[in-house]
Amino acid sequence: MKKLLLIVIFCSNLIFGQNILSFSNDQYSGINGSLFSPTTSYFNPNKWDVNIISEDILLTNDYAYISDQNIIGLLKGETKTANLKAGIRGETHSNILDFTTKNSVSYHLENDILGPSISFKKKINNQTFRLGFFSRLRTQGSIKDLDNYFRFSNQKELEPRNYTFEPNKTNAMNWGEFGLNLSTNLHTTNTSELIIGTNIKYLLGLDGAYVKNKSAIKLEAIPTSTSTISNPDADIYASGFDIEAGYSTNYDFDRDQYILRNRGNGIGIDLGVSFVNRRINDELYDFKFSANLLDIGLVKFKGENHHFYNPSQKIQIRNNPNLDGVQFESIDQYLRLLSKEIYGNEIQSKTENNFSIGLPTSLHLNLSKKIIKNHYLNFNLIQRMPIFENSLKRVNVIQTSYTIQKDGFGIGPSLSIYDYENVTLGGYVRIGPLILGSDNAIPILFKQKKLTSANFYFGLKLYPFWNSEAKRRSREPCECE
């Protein structure tokens with residue numbers, strides 16, 4: 001099951017893409033760019049802007065990899081899993097799904113679907129407003145520096161007699177957003193503007209889960225009578241754990257299907273302010289600086305909370321006849337089995353019927369400078385700032401891009417640094433209503449010694465009542481005497 005899940009994650013990258021931050025610097029990004037900065041739609045020269053559908057996904061991990069492969073090569077479906085007995089490993093063979101031997105591992109997953117959304121410009125008493133409505137489906141989960149205890153079984157090595165599993169926590173959420181985007185010019189001169197914007201979002205919780213391991217877990221491996229170097233096997237016992245966990249899901253395990261229901265509610269808000277230099281009749285600016293605080297809010301779920309606490313008693317977690325051979329049917333069934341094993345009562349671990357998961361709050365700073373007409377040099381910084389209990393954590397990004405922005409065409413190569421250590425190259429292209437791109441494009445075409453992630457972004461937009469820059473200018477009031 002663990003290896004099957006990893007293959008599914010890799011295959012998901014064949015279709016979708018990641019956080020296409022470089023596209024948000026395009027002034028024609030409109031309602032799409034407002035997800036990164038609520039003031040972005042204000043700078044769209046087109047009066048109307050409609051997003052039909054767009055999708056992006058970000059996956060980073062340092063646990064599993066596919067050897068000597070690129071994303072296009074995965075379409076052939078020839079990937080095999082490492083086989084130690086046959087001597088097949090990622091280090092020696094191509095197109096092998098294998099696992100690292102690092103002491104700790106991390107992963108981060110974001111999926112973002114922007115559904116039907118619209119934005120339009122309106123003047124009220126000589127004040128320009130940009131109003132937008134958007135629908136959005138988001139999924140996110142992550143874990144940081146988890147003890148890689150699996151490295152022993154992945155290498156077919158005998159676990160150490162005593163091992164300490166350090167405290168850690170993880171969470172994940174699947175939720176919908178229905179939002180209002182509003183921006184306007186707070187102060188205007190002949191050469192500059194101060195713009196403020198906000199996204200106000202109703203949050204619909206679909207699935208959520210969290211696990212908090214609050215104390216070090218002591219693991220003891222006792223080799224069985226049949227264990228050998230070539231076939232290691234050991235009974236594993238755990239003690240000293242203090243774990244809180246909660247979950248809520250729309251998946252119906254009895255009927256084996258996903259049933260869409262409201263599992264939680266919440267309110268979220270994004271705030272943004274931008275300062276720009278531009279001449280009063282120019283559509284495109286000369287310089288822009290914006291500061292944005294994104295995803296302030298949380299979702300309150302109806303679900304189950306459990307607490308597993310055992311400071312001293314040893315619980316057998318491998319080769320346990322009470323657990324081995326039991327067919328997994330639901331999360332509730334598994335938690336009841338654990339509760340009975342620890343407390344002797346299958347419902348004693350249950351504590352409450354609700355919990356909260358915070359949105360992935362972050363600070364986004366953006367600087368954009370015109371080099372020549374329609375050419376811009378851009379800088380972005382996204383720094384996660386979790387503020388609520390069980391908050392999701394957005395990936396940190398530093399990025400620079402060079403964009404060319406015209407009415408029916410845009411392009412922007414980019415260089416990104418994720419979590420201050422992973423450097424990627426990519427970019428986007430906008431041709432009429434179609435946007436394609438990737439912030440990590442090299443693994444799509446070129447084979448990687450260890451393929452851990454690669455991304456592809458797409459979007460489809462409409463510009464109702466579209467016309468050229470010359471026609472738009474002809475309708476502007478004349479400032480001459």
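Guide: Let us begin with pairing: two strands count as paired if DSSP finds at least two bridges between them. Please keep in mind that this is a predicted model.

Visitor: What makes strand 3 and strand 4 a pair?

Guide: Strand 3 and strand 4 (residues 96-99) are joined over 2 bridges. The rule asks for at least two bridges, therefore they count as a pair.

Visitor: What holds paired strands together in general?

Guide: Strands of a sheet pair through backbone hydrogen bonds, either parallel or antiparallel.

Visitor: Which residues stand opposite Tyr 247?

Guide: Tyr 247 of strand 13 stands opposite Ala 209, and it also stands opposite Glu 304 in strand 17. Strand 13 is joined to strand 10 (residues 192-213) by 6 bridges, and to strand 17 (residues 287-310) by 7 bridges. Both pairings are antiparallel.

Visitor: Is strand 13 (residues 241-248) mostly covered or mostly uncovered?

Guide: Strand 13 is mostly covered, with 7 of its 8 residues buried. A residue is called buried if its relative accessible area is under 20%.

Visitor: Why is Gly 77 called exposed?

Guide: Gly 77 has a relative accessibility of 61%. The cut-off for exposed is over 50%, so Gly 77 counts as exposed. Gly 77 is found in the loop between helix 2 (71-74) and strand 3. The C-alpha atom of Gly 77 is 9.7 Å from that of Asn 95, which is 18 residues away along the chain.

Visitor: How do you know that Lys 370 and Asp 286 form a salt bridge?

Guide: Their closest N and O atoms are 2.8 Å apart. A salt bridge requires a side-chain nitrogen of Lys or Arg within 4 Å of a carboxyl oxygen of Asp or Glu, so this pair qualifies. The two residues are 84 residues apart: Lys 370 is in strand 20 (residues 362-372), and Asp 286 is in the loop between strand 16 (264-277) and strand 17.

Visitor: Why are Lys 370 and Asp 286 called partly exposed?

Guide: Lys 370 has a relative accessibility of 22%, and Asp 286 has a relative accessible area of 23%. Partly exposed covers the range between the buried limit of 20% and the exposed limit of 50%, so both residues take that name.

Visitor: What makes the contact of Glu 346 and Arg 336 a salt bridge?

Guide: The N to O distance is 3.2 Å. That value is within 4 Å, so the contact is a salt bridge. Glu 346 lies in the loop between helix 4 (331-343) and strand 19 (350-358), and Arg 336 lies in helix 4. Both are partly exposed, Glu 346 at 38% and Arg 336 at 29%.

Visitor: How do you know that Arg 384 and Asp 419 meet in a salt bridge?

Guide: The N to O distance between their side chains is 3.1 Å, and the limit is 4 Å, so the name applies. Arg 384 is in strand 21 (residues 375-384), while Asp 419 is in the loop between strand 23 (409-418) and strand 24 (422-431).

Visitor: How many salt bridges does the structure hold?

Guide: The structure holds 24 salt bridges.

Terms used: Residues are numbered from 1 along each chain as its sequence is written. This is a predicted model: local features need pLDDT of at least 70, side-chain atom pairs count only at pLDDT 80 or more; totals for chains, interfaces and linings use all residues. Side-chain values use heavy atoms; hydrogens and water are left out. Helices (H or I, at least four residues) and strands (E, at least two) are DSSP runs, numbered from the N terminus. Buried means under 20% relative accessible area, exposed over 50%, partly exposed in between (1.4 Å probe, protein chains only).
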